[in-house]
Amino acid sequence: MINKAVLSEVSDIHVEPYEKYLRIRYRRDGTCFQVNKLPKAIQPAILSRLKILAGMNIAERRKTQDGRIKAKVEDRTIDFRVSCVPTVNGEKIVLRILDRGNLEFDLRQLGFPEDALGEFMKGVKAPYGIVLVTGPTGSGKTTTLYSALSQLNTPKVNIITAEDPVEYNIDGILQTQIDFAMGYDFASALRAILRQDPNIIMVGEIRDLETASIAIKASLTGHLVFSTIHTNDAPSTVSRLVDIGIKPFLVATAVRTIMAQRLMRKICSKCKVPFTYPESELIDAGIDPDELRGCNTCKGTGCQACGGSGFKGRTGIYEVLSLDKNIRQAVIDKVPTGTLRAAAVRSGMRTLRMDAVMKLRNGITTLDELTRVTADDDPEVKAARKERDRAVGEIPSELREA
């Protein structure tokens with residue numbers, strides 16, 4: 001089961017107990033599919049074996065447990081993060097496959113457009129301040145942060161991280177594991193790290209006022225701080241920090257860059273064919289048909305390589321908000337999130353939906369995938385974009401190129 005999962009390039013293995021059978025599912029490119037249905041009689045043996053491999057207590061069946069497995073598959077060492085949760089029909093076990101060989105540190109390969117990457121790297125290469133990455137679980141935030149840290153990882157700087165859990169071990173970076181049971185949470189880890197003379201700090205997640213306050217203080221005393229926070233897009237992160245209890249002027253002073261991201265499935269390169277979408281479908285999705293006129297839109301017909309789905313692999317879509325002078329003032333003035341988003345678009349920010357439309361125009365993904373992953377922009381944001389495009393169009397081409 002484990003070997004087949006690794007060779008199939010899946011990200012998770014789900015071992016799920018039901019009343020009359022044990023179901024095995026894999027997750028690939030963000031979607032689950034069933035691979036096996038096993039007799040109920042062998043459920044205890046399989047669950048016990050996985051728990052022993054993960055270093056869990058096999059006698060404990062009423063509490064959640066976490067563990068790790070290290071396995072060799074075709075001369076590659078693969079780490080598995082294992083989670084065990086009790087259910088009414090037995091324990092469900094999920095194995096997250098952490099394959100260091102598949103970890104991509106080049107953000108361009110992850111689908112980052114050049115202009116957005118330039119804005120993000122400005123924040124990453126700043127001497128101090130906070131860089132925040134936001135998005136739901138499984139949207140690639142950890143990979144993005146590791147990519148940013150790997151660019152800064154030299155013997156001249158001291159980089160320390162506090163993570164829950166540590167997913168990939170990276171040479172040259174000191175990584176600490178959060179342990180809530182022992183009282184070692186993000187806030188206490190951050191306090192301890194600040195006594196270790198760091199230049200760059202990565203905090204796994206900002207969840208509360210205490211962690212956010214220490215991160216803000218660290219950034220204001222000359223440290224570069226990376227972290228994640230759970231919000232839907234980049235501008236709403238400002239409101240989230242203020243809701244947590246951080247003063248708006250501190251947010252405006254400390255935060256340099258906020259990036260929201262999602263992962264979208266890519267059309268399979270083996271069965272990709274040109275496809276023109278009906279105008280009615282584009283209008284229903286909130287897309288101006290003129291935007292896609294003359295573009296190479298495609299879809300996958302389904303083949304053996306992609307298992308008949310028409311998709312293989314994933315790419316990122318990104319929304320990078322750099323806090324320039326105008327945005328900082330808007331934050332201090334406590335403007336509503338919608339107004340802040342429109343102001344950011346006027347300043348040059350591309351929303352998640354705009355980046356997804358770019359990927360659709362370039363034949364990387366499909367309209368169905370675009371509507372599944374992103375929400376349509378507000379009329380205020382669309383008006384701001386037209387205003388920005390009009391202003392850019394009025395600049396002479398030679399100055400625009402300069």
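**Entry 1: cysteines.** How many disulfides does a search of the whole structure find? I ran that search and it returned 0 disulfides, a disulfide being taken as a pair of cysteine sulfur atoms within 2.5 Å. Before going further I noted that this is a predicted model, in which local features need pLDDT of at least 70 and side-chain atom pairs count only at pLDDT 80 or more, while totals for chains, interfaces and linings use all residues. I also noted that residues are numbered from 1 along each chain as its sequence is written, and that side-chain values use heavy atoms, with hydrogens and water left out.

I then looked at Cys 271, whose closest cysteine sulfur is that of Cys 303 at 3.8 Å, which is too far for a bond. Cys 271 counts as buried because its relative accessibility is 6%, where buried means under 20% relative accessible area, exposed over 50% and partly exposed in between, with a 1.4 Å probe and protein chains only. For Cys 295 the closest cysteine sulfur belongs to Cys 298 and lies 11 Å away, so this pair is too far for a bond as well. Cys 295 is partly exposed, with a relative accessible area of 21%.

**Entry 2: positive phi.** I kept in mind that most residues other than glycine have a negative phi. Glu 9, although not a glycine, has a positive phi of about 60°, and I found Glu 9 in the loop between helix 1 (2-7) and strand 1 (12-17), helices (H or I, at least four residues) and strands (E, at least two) being DSSP runs numbered from the N terminus. Asp 29 is another residue other than glycine with a positive phi, near 55°, and this residue lies in the loop between strand 2 (21-28) and strand 3 (31-39).

**Entry 3: strand 1.** I found strand 1 mostly covered, with 6 of its 6 residues buried. Asp 12, His 14 and Glu 16 point one way from the strand, and Ile 13, Val 15 and Pro 17 point the other way.

Strand 1 pairs with strand 2 in the antiparallel sense over 6 bridges, two strands counting as paired if DSSP finds at least two bridges between them, and a hairpin joins strand 1 to strand 2 through 3 residues. Strand 1 also pairs in the antiparallel sense with strand 6 (residues 90-98), over 4 bridges. I followed Ile 13 to both partners: Tyr 26 is its bridge partner in strand 2, and Leu 95 stands opposite Ile 13 in strand 6.
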